[in-house]
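Please examine the sequence and the three-dimensional model shown here.

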Amino acid sequence: SRSDIESYIYYLRTSPMGGESVHKGQTPSDNHINRSISVLETFLVYIQRYEWAEAPKKPAGFLIVPDDKPRLPPKASDPIKYISDFVWDQLMFHMDKLPQDIIPLVILLEATGFRVSDVCTLKIDCLIQKEDGWWIIGDQRKVKEKNHRVPISEEIAHVVLSQQKLTKEKSTTETNPLNYLFPTYHGTRKGQPISRDNVVNNLNKLAFENNIVDEKGNVYRCKAHAFRHRYGV
């Protein structure tokens, strides 16, 4: 009923944000409230469309009205969210505070311009040396391009060589059956690559705990495509 929706909105506005992000426990933001209501609205529309027994009798449009969602400021005219040198220098200064398995992954992100998920799924044999130098080879899964390759410096190549050595020493056929360069050795993701969310969340945690800020003085928030856009810019 509408009263259920109103109770939920009251809960959103008065309860600290949850989840596993760096914002856990903080006062709910307008963006958090807006997103939460939008997700609920999409869910209600879905279960009504497929006539689930649990679906509300009233259409979702009568249960949730536009005024329920806080008005958000217009998006900036420049939508490209890349990591500027100003932010990158701060990240580099505090890089050693990241988990050890995340550090070489972040360095490769900045050096290759690969998507986060594509660096996470690189294989141990992703590094090749040719007459014209060192190259990283990996699949670009979003565009279904196999064996995409980019040139890297000698310095970055040695980072990969060190990671290859470490991964081969730690891996077994059980913990890394598909020969990932950045595998997960324990837990529910054992045998799978380090996840994109793991990388992004650790970077945001690093920024929050060490006051890494953008040019406007706001704590930096890393987006999944930020490294790719940095490489492009």
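A residue is termed buried when its relative accessible area is under 20%, and exposed when that value is over 50%. The model under discussion is predicted, and the cut-off can be applied to Phe114, a residue in the loop between α5 and α6. Phe114 has a relative accessible area of 1%, and therefore counts as buried. Leaving out residues up to four places away in sequence, Phe114 touches Leu109, Val119, Leu122, Ile136, Gly138, Gln140, His148, Val150 and Arg228. Asn31, by contrast, lies 83 residues from Phe114 in sequence and 29 Å from it in space, C-alpha to C-alpha.

His94 belongs to the loop between α4 and α5. Its relative accessibility is 13%, so His94 is likewise classed as buried. When residues up to four places away in sequence are not counted, the contacts of His94 are Leu206, Asn210 and Ile212.

The discussion now turns to the nonpolar cores. The largest of them comprises 39 residues, of which Val106, Leu108, Ile136 and Val199 touch the most other members. At least two residues of this core come from each of α4 (85-93), α5, α6 (116-120), β2 (133-140), β3 (145-152), α7, α8 (196-209) and α9 (226-232). The greatest contribution is that of α5, which provides six residues. For Val106, the contacts beyond neighbours within four places in sequence are Trp88, Met95, Leu98, Val199, Leu203 and Phe227.

Helix packing remains to be described. Two packed helices are characterised by the angle between their axes and by the distance between those axes. How do the axes of α5 and α7 cross? The axis of helix α5 (residues 103-112) comes within 10 Å of that of helix α7 (residues 154-170), and the two cross at roughly 145°. The crossing of α5 past α7 is left-handed. On the α5 side, the residues that meet α7 are Pro104, Ile107, Leu108 and Ala111. Their counterparts in α7 are Ile156, Val159, Val160 and Gln163. Seven of the residues in this contact are nonpolar and one is polar, while none is charged.

Notes: Residues are numbered from 1 along each chain as its sequence is written. This is a predicted model: local features need pLDDT of at least 70, side-chain atom pairs count only at pLDDT 80 or more; totals for chains, interfaces and linings use all residues. Side-chain values use heavy atoms; hydrogens and water are left out. Axes are lines fitted to C-alpha atoms, for helices over the stretch in contact, and angles run from 0 to 180 degrees between N-to-C directions. Helices (H or I, at least four residues) and strands (E, at least two) are DSSP runs, numbered from the N terminus. A crossing is left-handed if the near helix is turned anticlockwise from the far one by less than a right angle, and right-handed if clockwise. Contact means heavy atoms within 4.5 Å. Ala, Val, Leu, Ile, Met, Phe, Trp, Tyr, Cys and Pro count as nonpolar, Asp, Glu, Lys and Arg as charged, and the others, Gly among them, as polar. A nonpolar core is a set of buried Ala, Val, Leu, Ile, Met, Phe, Trp, Tyr and Cys residues joined through side-chain atoms within 4.5 Å. Buried means under 20% relative accessible area, exposed over 50%, partly exposed in between (1.4 Å probe, protein chains only).
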